[in-house]
Amino acid sequence: MRDSSPVPPRAAQLSRRAALGLAAALPLAAASPASAATPVIGGERLARADVQVRGATGLPKRLTARSWLVADHQSGEVLASYHAHTHLAPASTLKMLFADTVLKNFERTERHRVTDADLADIPAGSSMVGVKPGITYTVEQLWLGVFLRSGNDAVHVLSHMNGGLARTIAQMQAKAQDLQALDTHVVSPDGFDHKGQVSSAYDLTLFARHGLADADFRAYCHTKTANFPAGGKKTFQIQNTDRLLTGAWGVPTYDGLIGVKNGYTSNAGNTFTGAATRGGRTLLVTVMHPKSGGSGVYEETAALLDWGFKEGAKARSVGTLVDPLSEGGASAAPTGKAAKAAAGAPATAADGGGSSSWGLVGGAGGAVALLAGGAYAWRRRRRVVGDGVEATEGRQERQDGQDDGQERHQG
């Protein structure tokens with residue numbers, strides 16, 4: 001079903017610059033110091049700086065990632081982690097949150113004829129699936145473009161269908177708060193590098209766990225190839241950029257792999273959240289920013305999955321993936337180092353993040369109201385000023401999803 005909220009006319013929608021400025025500014029304006037007495041999301045051990053594991057040995061010795069996490073999908077138990085709440089640029093793994101937020105707003109069979117305006121605000125250097133103005137696509141085809149090719153063009157079309165970038169960004173931030181992904185600050189819906197856009201291994205794992213509960217999300221992230229419209233009756237084949245799923249570029253496929261989402265930017269490095277099932281057990285692994293380039297993120301993910309299916313069966317929980325507030329999850333907030341980060345300025349995606357974050361005002365409801373009010377004010381201004389498209393922001397960087405072996409900039 002389409003979201004029942006009214007969609008503003010195109011002239012009322014935010015320019016990309018205004019949308020990103022609004023998303024970046026509001027959390028800073030809303031920031032307030034967090035109390036050191038409040039618990040760490042998922043458990044106190046997840047805030048520690050060293051490797052966290054209990055009751056099991058044999059973790060891979062050559063892990064280079066700045067942050068990683070292994071969790072049981074069904075129970076939510078975190079089996080092992082390293083810097084689980086460190087704030088880093090998420091790249092296109094942020095598209096999992098985009099899907100968590102927007103996927104159910106449209107029927108798969110709904111059709112949309114793409115306009116120039118739908119594609120006018122895509123950052124230069126983005127990964128693209130090949131959406132063209134004048135061609136009519138089904139929602140299902142656009143989502144395949146998002147999941148398989150990490151297409152920013154498909155993300156932006158769906159965002160415009162959803163009421164515009166500002167509305168989508170506000171909804172994503174509200175969704176992150178409902179999921180209790182409090183390390184995440186959304187500046188763009190596609191994961192492209194922008195100042196202040198950060199997430200964490202813990203939050204990305206939350207996004208994957210929530211998404212995999214949805215049959216459409218699960219099917220899309222597990223699809224290896226699909227035919228994509230090229231105009232008229234012509235199509236071209238697209239392949240999933242998840243190398244553990246497809247075996248591309250010499251990476252062995254991982255037995256039992258479900259998905260989920262990979263990402264890369266030239267500034268942020270590689271990110272990946274993967275899920276696999278063996279022997280009736282499903283594990284989630286997130287790896288962020290390993291030192292090794294190319295396929296290193298997949299190799300480290302596979303190694304952690306192997307450990308989880310073998311030694312991880314003996315592991316005792318070092319934390320837990322919390323439930324969404326809307327599903328009865330107990331509310332929590334960052335503390336200790338995370339609390340200090342929450343009181344500071346957000347890290348820049350360009351430099352790979354750091355230990356900064358943003359504060360909350362009145363919980364999820366306050367953030368949603370603030371973002372929605374700000375978006376409305378900007379829309380009113382746009383109606384007065386005019387509906388011209390402002391110049392596209394963004395750096396010339398490579399993003400994920402390309403066929404030349406180098407994953408392109410976007411995310």
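Which residue of β10 does Gly-274 stand opposite? It is Val-285. The points below put that pair in context.

1. Basis. This is a predicted model, in which local features need pLDDT of at least 70, side-chain atom pairs count only at pLDDT 80 or more, and totals for chains, interfaces and linings use all residues. Residues are numbered from 1 along each chain as its sequence is written, and side-chain values use heavy atoms, with hydrogens and water left out.

2. Strand β9. This strand covers residues 269-278. Strands (E, at least two residues) and helices (H or I, at least four) are DSSP runs, numbered from the N terminus. Of the 10 residues in β9, 8 are buried, so the strand is largely enclosed by the rest of the structure. Buried means under 20% relative accessible area (1.4 Å probe, protein chains only).

3. Pairing with β8. Strand β8 spans residues 257-265 and pairs with β9 in the antiparallel sense, over 8 bridges. Pairing requires at least two DSSP bridges between two strands. Gly-263 has Thr-271 of β9 as its bridge partner. A hairpin of 3 residues joins β8 to β9.

4. Pairing with β10. Strand β10 takes in residues 281-288. It runs antiparallel to β9, and 8 bridges join the two. The hairpin here has 2 residues between the strands. In this hairpin, Gly-279 takes a positive phi near 60 degrees.

5. Helix α4. Residues 139-149 form this helix, which is mostly covered: 9 of its 11 residues are buried. Among them are Trp-143, Phe-147 and Arg-149. Just after α4 comes Ser-150, with a positive phi of about 55 degrees.

Terms used:
Buried means under 20% relative accessible area, exposed over 50%, partly exposed in between (1.4 Å probe, protein chains only).
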